[in-house]
Amino acid sequence: LYFTALGTAAYSVVNLIFDNKKTSTYISDILELPNSEYWLTSWGNGVKSINRNFERIENSVYTPLPPATWTAEAKSQTKNAWCMARESANGNVWIGCSGGIILVHNPLLKTTRYLTPPEFNHSAIRYITEDKNGAIWFGTEEGKLIRFAEGQFKIMLDLGTTIYKVFIDRQGLIWL
């Protein structure tokens with residue numbers, strides 16, 4: 001669904017149908033890529049994509065399957081996607097899922113790394129953003145603020161309550 005102002009009093013609304021199910025698709029985040037594709041995270045349906053004409057298109061996020069050693073539950077949690085952020089240095093898209101699962105997808109190479117860092121303690125990743133130095137920040141349902149920098153995940157803060165949004169202002173202050 002998109003909503004756009006066409007003037008001071010006129011609006012346009014378009015409904016997108018992703019499948020023939022009679023259930024709704026819960027969209028939790030939207031990311032616009034440099035090629036004008038829009039990626040949408042969804043609960044239970046993974047990452048969906050549309051082009052600038054709002055037509056459904058395929059993406060390669062799940063083309064490399066999760067590790068064969070993962071349980072069926074862990075594999076299914078990769079489709080419970082909450083949030084995304086694009087890494088500016090290399091164009092990787094970080095996708096936060098239930099169970100503390102992170103997908104790091106390179107749209108150009110069509111590769112996906114499946115990560116389960118212990119710092120997340122299997123908690124759903126509710127928000128991802130990047131700071132001006134290229135560090136990736138995560139907010140979890142369990143209340144942890146986690147930073148990924150120099151190849152390492154580190155718990156920076158544990159609030160004990162869900163972090164829905166991580167905002168880094170121009171001064172570098174982190175707002176939760």
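# Questions about a predicted model

Visitor: Which residues touch the most other members of the largest nonpolar core?
Guide: In this predicted model, the largest nonpolar core has 16 residues. A nonpolar core joins buried residues through side-chain atoms within 4.5 Å. The members that touch the most others are W39, V47, V61, M84, V93, I95 and L103.

Visitor: Which element gives the most residues to this core?
Guide: The elements that contribute two or more residues to the core are β7, at 81–86, and β8, at 93–97. With three residues, the element that gives the most is β8.

Visitor: Which residues does V61 touch, if residues up to four places away in sequence are not counted?
Guide: V61 is one of the core members that touch the most others, and a contact here requires heavy atoms within 4.5 Å. Leaving out residues up to four places away in sequence, the residues that V61 touches are W39, V47, I95, L103, H105, T112 and Y114.

Visitor: What percentage of the residues in the protein is buried?
Guide: A residue counts as buried when its relative accessible area is under 20%. The protein has 176 residues, and the buried share of them is 44%.

Visitor: Which strands are the edge strands of the open sheet formed by four strands?
Guide: The open sheet runs in the order β3-β4-β5-β6, and its pairing is antiparallel. An edge strand in this sheet pairs on one side only. The two strands that do so are β3, at 27–32, and β6, at 56–57.

Visitor: Over how many bridges do β3 and β4 pair?
Guide: Strand β4 covers residues 38–42, and its pairing with β3 is in the antiparallel sense. I27 has S42 in β4 as its bridge partner, while L31 stands opposite W39 in β4. The number of bridges over which β3 and β4 pair is five.

Visitor: Which residue takes a positive phi in the hairpin of β3 and β4?
Guide: Most residues other than glycine have a negative phi. The hairpin of β3 and β4 has five residues between the strands, and a positive phi near 70° is taken there by S36.

Visitor: Why is the pair of W70 and Y114 edge-to-face, and what is the angle of their planes?
Guide: A pair of aromatic rings is described by the distance of the centres and the angle of the planes. Planes over 60 degrees apart count as edge-to-face. The ring centres of W70 and Y114 are 5.8 Å apart, and the pair is edge-to-face because the planes stand at 85°.

Visitor: How many residues apart in sequence are the parts that W70 and Y114 tie together?
Guide: W70 is buried at a relative accessible area of 15%, and Y114 is buried as well, at 12%. W70 lies in the loop between β6 and α1, whereas Y114 lies in strand β10, so the separation in sequence of the parts tied together by this pair is 44 residues.

Visitor: Over the ring of which residue does the charged end of R126 sit?
Guide: Two charges over rings can be described here. K79 lies over the face of Y62, at 4.6 Å from the ring centre. The charged end of R126 sits 3.7 Å from the centre of another ring, that of W82.

Visitor: Is E150 buried or exposed?
Guide: E150 has its place in the loop between β13 and β14, and its phi is positive, at about 55°, although this residue is not a glycine. A residue counts as exposed when its relative accessible area is over 50%. Because the relative accessible area of E150 is 82%, this residue is exposed.

Notes
Residues are numbered from 1 along each chain as its sequence is written. This is a predicted model: local features need pLDDT of at least 70, side-chain atom pairs count only at pLDDT 80 or more; totals for chains, interfaces and linings use all residues. Side-chain values use heavy atoms; hydrogens and water are left out. Buried means under 20% relative accessible area, exposed over 50%, partly exposed in between (1.4 Å probe, protein chains only). Two strands pair if DSSP finds at least two bridges between them. Rings of Phe, Tyr and Trp (its six-membered ring) pair if their centres lie within 6.5 Å; planes under 30 degrees apart count as stacked, over 60 as edge-to-face and the rest as tilted. A charge sits over a ring if NZ of Lys or CZ of Arg is within 6 Å of the ring centre and within 35 degrees of the ring normal.
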